[in-house]
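Here is a friendly tour of a structure, with the cut-offs spelled out along the way. Have a look at it first.

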Amino acid sequence: MTKAKRMMQEDIKLIDLVIELLDARVPLASRNPDIDEIAGSKSRLILLNKSDMADSSVTDEWYKYFTDQGLYVCKVNSRNAADMKQISAIVQQACAAKIERDKKRGIRNRPVRAMVVGIPNVGKSTFINTYARKAAAKTGNKPGVTKGKQWIKLGSNLELLDTPGILWPKFEDQSVGLKLALIGSIKDEIMNIEELSLELIKMLQERYPGMLEKYYEAGIEETDSALVILEKIARARGCIKAGAELDYLKAANLILENYRNGKIGKISLEGPNG
Ligand code: G4P
């Protein structure tokens, strides 16, 4: 077992609720399935984060997919403070059984302790910062119980461990790596940019026909190959090298950037049914 995983298992002993962040655009690719084993019997809340960049109808399908598995789910944009309001209520629901158990033992108003987990770049720090921005106060170490741990107190009924647990993506098949590269979770330096942009073009043509043409107005036809589309976009956007040769790399970078900035549209790269 890796050190990170061992540490997370230690942290999990201290908490009641695991808040798992997934990228709403690629919820399965951004999920480490080990979380089921790591979280054990703790209450679970899934945040479909970056939902501002995802296709809302597909995010709704994911909401149902995870809810059907008995998990609590919230769609959020962690950059938006207004989205945080819904969290506290759902945390109480997710931990209702624990709160009930406490009551039976005569323990009242013991705050729910939660921990945020997710793969790098999914938005863990952003979520913690936005959620904690108001009403939050860091509590010191509580001797014997939470030695060395910092808790962020959120109102009177929730405490959040201030360091998130980092899970690593599982590259079970090539498409997982591809999707994570497309959303910008894997460094571009280790990817072939032109290949990546061609894969993106293929996915967009399949999942969102007409979307690339709407944005680039490059004369893209539905039957065009990905390479022809890249060429058309290079021409339409003036990606030309000295000697009037098309600059494919520049066009590829442009498409990836436009996609990641949300300029091309609200796009989900996977749905529960493919
Ligand atoms: P991590 O702790 O899980 O590694 O992720 P982190 O919070 O650092 O977030 C990674 C990037 O994702 C940040 O952008 C952050 O602003 C962005 N982000 C997080 N949540 C959301 C969300 O719900 N919607 C959108 N649109 N973006 C989100 P960055 O470009 O690395 O930095 P910056 O632009 O914030 O400076």
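## Ground rules

This is a predicted model, in which local features need pLDDT of at least 70 and side-chain atom pairs count only at pLDDT 80 or more, while totals for chains, interfaces and linings use all residues. Residues are numbered from 1 along each chain as its sequence is written, and side-chain values use heavy atoms, leaving out hydrogens and water.

## Domains

The chain is assigned domain 1 (2-162) and domain 2 (192-260); such bounds come from an automatic or database domain assignment. Taken over C-alpha atoms, the centres of domain 1 and domain 2 are 38 Å apart.

## Around the ligand

There are 15 residues around the ligand, and S78, N121, K124, S125 and T126 come nearest (a residue counts if one of its heavy atoms lies within 4 Å). Helix α6 (residues 124-132) gives the largest share of this shell, three residues; helices are DSSP runs of H or I with at least four residues, numbered from the N terminus.

Polar contacts are pairs of N or O atoms within 3.5 Å. An oxygen atom of the ligand is 2.7 Å from a polar backbone atom of S78, and a polar side-chain atom of R79 lies 2.8 Å from a ligand oxygen. Of the 710 Å² of accessible area that the ligand has on its own, the protein covers 63% (Shrake-Rupley method, 1.4 Å probe).

## Helix α1

In helix α1 (residues 3-13), K5, M8, D11 and I12 are buried, meaning under 20% relative accessible area (1.4 Å probe, protein chains only). These residues lie on the same side of α1 because they cover an arc of only 120° around the axis, taken from the directions from the helix axis to the C-beta atoms. K3 and K13, on the other side of α1, are exposed, that is, over 50%.

Terms used. A polar contact is a pair of N or O atoms within 3.5 Å; within protein, one must be able to donate a hydrogen and the other to accept it, and residues adjacent in sequence count only if both atoms are side-chain atoms. Helices (H or I, at least four residues) and strands (E, at least two) are DSSP runs, numbered from the N terminus.
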